[in-house]
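Hi everyone, thanks for making time for this. I'd like to walk you through one model this morning, so please have a look at it on the screen before I start.

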Amino acid sequence: MENNHYFSSVLLTLLLTLASFFALSVGQGTRVGFYSRSCPRVESIVQSTVRSHFSSNRAVAPGLLRMHFHDCFVQGCDGSILIDGPNTEKTAGPNLLLRGYEVIDDAKQQLETACPGVVSCADILALAARDAVILAGGPGWAVPTGRRDGRVSLASETSNLPGFTDSIDVQKQKFQDKGLNTQDLVTLVGGHTIGTTACQFFRYRLYNFTSTGDADPSINAAFLATLQSLCPADGDGSRRVGLDNGSENRFDSSFFSNLRNGRGILESDQKLWTDDSTTKSFVQRYLGVSGLLGLRFNVEFGKSMVKMSNVEVKTGSDGEIRRVCSAVN
């Protein structure tokens with residue numbers, strides 16, 4: 001009897017786990033394994049392409065992750081950020097420094113040879129973002145596919161992208177508008193701090209914050225001196241600085257320790273710790289603060305990425321499968 005009860009408990013746990021995974025991996029018409037018959041090599045082709053480019057330029061990893069994020073927040077995850085032309089999303093201020101377009105173009109070219117007209121650019125981008133995280137030392141996750149590509153790309157619609165000066169309320173609202181909650185906000189921001197940013201996006205915090213003539217008081221004093229040496233008041237605004245101090249090329253959870261220690265680079269990031277009790281509590285849970293239910297960053301990041309990758313996707317007869325990712329058919 002005890003053995004039967006044990007095996008029943010194990011089976012129930014397994015079924016609940018599978019049900020949870022299925023619910024997470026399917027959304028709005030996408031599913032894991034969508035191309036299993038029509039293009040079975042899709043994941044291996046994208047993976048090898050990302051690895052090849054990463055081996056010669058590690059900056060493509062954060063570039064691809066950020067590109068996927070920026071794509072999903074405008075017109076949904078439909079590859080619209082990849083389209084060339086005047087006044088397209090690519091030309092908008094928040095997207096000017098994105099990197100990795102050549103990786104998507106390379107993978108698309110190979111997939112058009114292997115499976116002509118089958119795999120969308122939006123799906124290639126979603127897969128490439130996952131593979132980039134793995135190469136940077138982060139977790140993998142099952143990527144639901146089946147997205148179709150959008151036909152519209154407008155720079156004017158990028159205003160709802162999260163901004164580096166956004167208040168916590170604004171950040172929460174922008175994520176909520178996409179069906180993402182406060183935990184998703186903290187988790188996704190934490191994962192998108194691999195790589196670098198330019199001095200021009202945070203230098204105002206170092207010298208004349210809110211026109212006071214002083215630095216942002218939330219910056220650690222010793223760290224402030226470091227940042228001022230990297231980004232002088234009259235220096236080159238395009239100089240790059242790591243977003244996650246001490247761990248800019250690795251995917252890990254050190255970002256949350258940096259927030260606690262006043263070492264957040266962007267104003268919007270540091271506010272997750274200083275300006276809101278709910279976002280701070282999620283940072284603390286990732287830090288394993290005593291008395292709070294802990295969260296495993298690697299696990300939760302994959303879940304939040306799957307949620308984000310299903311934002312306003314186009315499936316079925318909606319959208320198209322672009323033959324060239326930078327141009328509408």
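**Disulfides, rings and one annotated proline**

Let me begin with a bond: cysteine 121 and cysteine 325 form a disulfide, and their sulfur atoms are 2.1 Å apart. The criterion for a disulfide here is a pair of cysteine sulfur atoms within 2.5 Å. Before I go further, this is a predicted model, so local features need pLDDT of at least 70 and side-chain atom pairs count only at pLDDT 80 or more, while totals for chains, interfaces and linings use all residues. Residues are numbered from 1 along each chain as its sequence is written, and side-chain values use heavy atoms, with hydrogens and water left out.

Back to that bond. The torsion about the S-S bond of cysteine 121 and cysteine 325 is about -95°, so this disulfide is left-handed. Cysteine 121 lies in helix α5 and cysteine 325 in the segment after α13 (297-309), so the pair ties together parts that are 204 residues apart in sequence. When I say helix or strand, I mean DSSP runs numbered from the N terminus: H or I with at least four residues for helices, E with at least two for strands.

Are these two cysteines buried or exposed? Cysteine 121 counts as buried at 0% relative accessibility, and cysteine 325 counts as buried at 2%. For the cut-offs, buried is under 20% relative accessible area, exposed is over 50%, and partly exposed is in between, with a 1.4 Å probe and protein chains only.

How many disulfides does the structure hold? There are 4, and counting bonded cysteines along the chain, their pattern is 1-4, 2-3, 5-8, 6-7.

Next comes the pair of cysteine 39 and cysteine 115, with sulfur atoms 2.1 Å apart. Its S-S torsion is about 75°, so this disulfide is right-handed. Cysteine 39 sits in the loop between α1 (2-25) and α2 (42-56), and cysteine 115 in the loop between α4 (101-114) and α5, so the bond ties together parts 76 residues apart in sequence. Cysteine 39 is buried, with a relative accessible area of 0%, and cysteine 115 counts as buried at 9%.

Then we have cysteine 72 and cysteine 77, a disulfide with its sulfur atoms 2.0 Å apart. That link is right-handed, with 120° about the S-S bond. Cysteine 72 is buried at 0% relative accessibility, and cysteine 77 is buried at 1%.

Now for the rings. Rings of Phe, Tyr and Trp (its six-membered ring) pair if their centres lie within 6.5 Å; planes under 30 degrees apart count as stacked, over 60 as edge-to-face and the rest as tilted. The count by this rule is 15 aromatic pairs. Take phenylalanine 69 and phenylalanine 175: their ring centres are 6.1 Å apart and their planes at 50°, so the pair is tilted. This pair links distant parts of the chain, since phenylalanine 69 is in helix α3 (residues 60-72) and phenylalanine 175 in helix α6, 106 residues apart. Both phenylalanine 69 and phenylalanine 175 are buried.

Elsewhere, one aromatic cluster is formed by Trp141, Phe251, Phe255, Phe256, Tyr286, Phe297 and Phe301.

Two lysines also lie over ring faces. Lysine 90 is over tyrosine 101, at 4.3 Å from the ring centre, and lysine 280 is over tryptophan 273, at 4.6 Å from the ring centre. The test is that NZ of Lys or CZ of Arg is within 6 Å of the ring centre and within 35 degrees of the ring normal.

Now, the annotated proline. An unreviewed UniProt entry places the feature "binding site" at Pro162; such annotations may be inferred rather than shown by experiment. Proline 162 is in the loop between α5 (121-135) and α6 (168-176), and with a relative accessible area of 26% it is partly exposed. What does proline 162 touch, leaving aside its neighbours within four places in sequence? Its contacts are Phe69, Phe73, Lys174 and Phe175, where contact means heavy atoms within 4.5 Å.

Let me finish with the whole chain. It has 13 helices and 2 strands. Buried residues make up 50% of its 329 residues. Finally, the C-alpha atoms fill a box of roughly 65 × 60 × 35 Å, taken along the principal axes.
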